[in-house]
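I set out to record, entry by entry, what I looked up in one structure. The sequence and the model are shown first.

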Amino acid sequence: MIITSSQLQQAVKILKQGGLVAFPTETVYGLGADACQEEAITKIFEAKKRPFDHPLIVHIADVSQLSAWAQEVPEMAFKLAQAFWPGPLTLILKKKPTVLSSLTAGQETVGLRIPAHPVAQALLQAFGGGIAAPSANQFTHVSPTTAQAVVEELGDRVDLILEGGTCEVGVESTILDLSRHQPIILRPGMITASALETALNMPILAAEQAETSVRAPGRHHLHYAPRTKTILIKTENITAFLATLTAEDYPIALLSYHSFNVALTHPIHYVKMPSDALSFAHQLYHQLRLLDHQQFKSIVIENVPHGEEWTAIRDRLRKASGSVDFGENSP
Ligand code: TXA
Ligand code: MG
């Protein structure tokens, strides 16, 4: 175990007193507070400068706690819990009336997740209750995948940061809304639609396919974004794009999973990414953060393959690049 019992006790004490504890999960680091304390929840929004209309996810230790938060726990939730929890899946369920509306941003639903990281597990078990935790970054910025990144994002706005190494998954959980007549993915993650469909033995909608009264997270222009201008380009157009750059466009960084051989008058800082989706996701935010610290005029990213295992990564890259998006790769 990478956490001592005295650190654990200190963390629980801070949470009980209404303070903020950042902790590792297998996806990204979370900024945690007691999900039953109004003032503690307010502190999360203030520390992140997050608008109050963005609801928080509640982290719990055990499936038996679902009924403390959800009005009804549908059979589907138990099936998914069995298949994917603890793990990178968040379920949206109808909330109990007792759940604070500041937590759910006034919605009648609540997001719930059992994280797999041993430190998160230890914390949840020692605390006993639900821990509200968004990603531990400033609103719209890249989520932290190391404790050091949490320090950069939040500094002394957080009372304690629990160290838990580098997050294994590296992008945020899949969010599945079970509060409607049909399950809908509100945010893709590394647990894919097919994996969910297999576990449930029924079709699942992606948010884009659903009627869009659905509140899809991160729909914001420039969510999950570095501060440096970030440009997303499909593979076949990279070489041509690079050829159009002039002296004042440099220095740039190129994040790609291919090697590009172009005759260039200016050097490019080239970051070779893995060509499998799991390793790519694991590294993505860390690499974006490293590049953001350097003085590049832009970060150019090769768009990733079309396959389903890349869906979450494609989604985050599109959001990181905002409007500067030059297309997707073909199937
Ligand atoms: O992997 C994760 O999910 C990480 C770790 C820390 O657990 N957490 C995370 O939280 O990404 P956050 O707050 O950064 O993103 C959660 C998203 C938000 O965009 C929020 O709008 C959405 O989930 N959400 C939360 N509760 C919801 C609800 N009741 N209905 C619809 N969307 C909800
Ligand atoms: Mg977030």
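The entries below go from conventions to helix, sheet, cores and backbone.

**Entry 1. Conventions**

I noted that the model is predicted, that local features need pLDDT of at least 70 and side-chain atom pairs pLDDT 80 or more, while totals for chains, interfaces and linings use all residues. Residues are numbered from 1 along each chain as its sequence is written, chains are lettered from A and ligands numbered from 1 in the order in which they are written, and side-chain values use heavy atoms, with hydrogens and water left out.

I took helices (H or I, at least four residues) and strands (E, at least two) as DSSP runs, numbered from the N terminus. I call a residue buried under 20% relative accessible area, exposed over 50% and partly exposed in between, for a 1.4 Å probe and protein chains only.

**Entry 2. Helix α1**

I looked up α1, which covers residues 5-16 and has twelve residues. From first to last C-alpha it reaches 16 Å, close to the 16 Å expected at 1.5 Å a residue; the expected span is 1.5 Å times one less than the number of residues.

Which residues of α1 are buried? I found L8, A11, V12, I14 and L15. The exposed residues Q9 and K13 sit on the face turned away from the buried side.

I then asked what covers the buried residues of α1. The cover includes β1, β2, α5 (118-127), β6 and β7, where contact means heavy atoms within 4.5 Å. After α1 comes G18, with a positive phi near 85 degrees.

**Entry 3. The sheet**

I traced an open sheet of ten strands with mixed pairing, in the order β7-β1-β2-β6-β3-β5-β4-β8-β9-β10. Two strands count as paired if DSSP finds at least two bridges between them. At the edges stand β7 (160-161) and β10 (205-206), each with a single partner strand, so one side of each is left without a neighbour in the sheet.

I followed β2 in more detail. It runs antiparallel to β1 (residues 21-23), joined by three bridges, and a hairpin of six residues connects the two. V21 stands opposite G32 in β2. β2 also pairs with β6 (residues 131-132) in the antiparallel sense over two bridges, with A33 opposite A132. Five of the five residues of β2 are buried.

I also checked β4 and β5, which run antiparallel and are joined by four bridges. L91 has L112 in β5 as its bridge partner.

**Entry 4. Nonpolar cores**

I defined a nonpolar core as a set of buried Ala, Val, Leu, Ile, Met, Phe, Trp, Tyr and Cys residues joined through side-chain atoms within 4.5 Å. Which of the 44 residues in the largest core touch the most other members? They are W69, L80, L89, L103, L112, L176 and L196. The elements giving two or more residues to this core include β2, α2, α3 (66-69) and α4. The largest share, five residues, comes from α2.

A second, separate core of 27 residues includes V28, V169, L232 and M273.

**Entry 5. Aromatic pairs**

How many aromatic pairs does a search of the whole structure find? I recorded three. Rings of Phe, Tyr and Trp (its six-membered ring) pair if their centres lie within 6.5 Å; planes under 30 degrees apart count as stacked, over 60 as edge-to-face and the rest as tilted. Ring pairs link Y257, F280 and W310 into a cluster.

**Entry 6. Backbone and loops**

I reminded myself that most residues other than glycine have a negative phi, and most peptide bonds are trans. A cis bond joins W85 and P86, with omega about -5 degrees; P86 lies in the loop between α4 (75-84) and β4 (89-94). The bond from Y250 to P251 is also cis, with omega near 0 degrees, and P251 is in the loop between α8 (238-243) and β12 (252-256).

K49, not a glycine, has a positive phi of about 55 degrees. It is in the loop between α2 (38-48) and β3 (57-59) and is exposed, with a relative accessible area of 53%. In the loop between β4 and β5 I found T104, buried at 1% relative accessibility.
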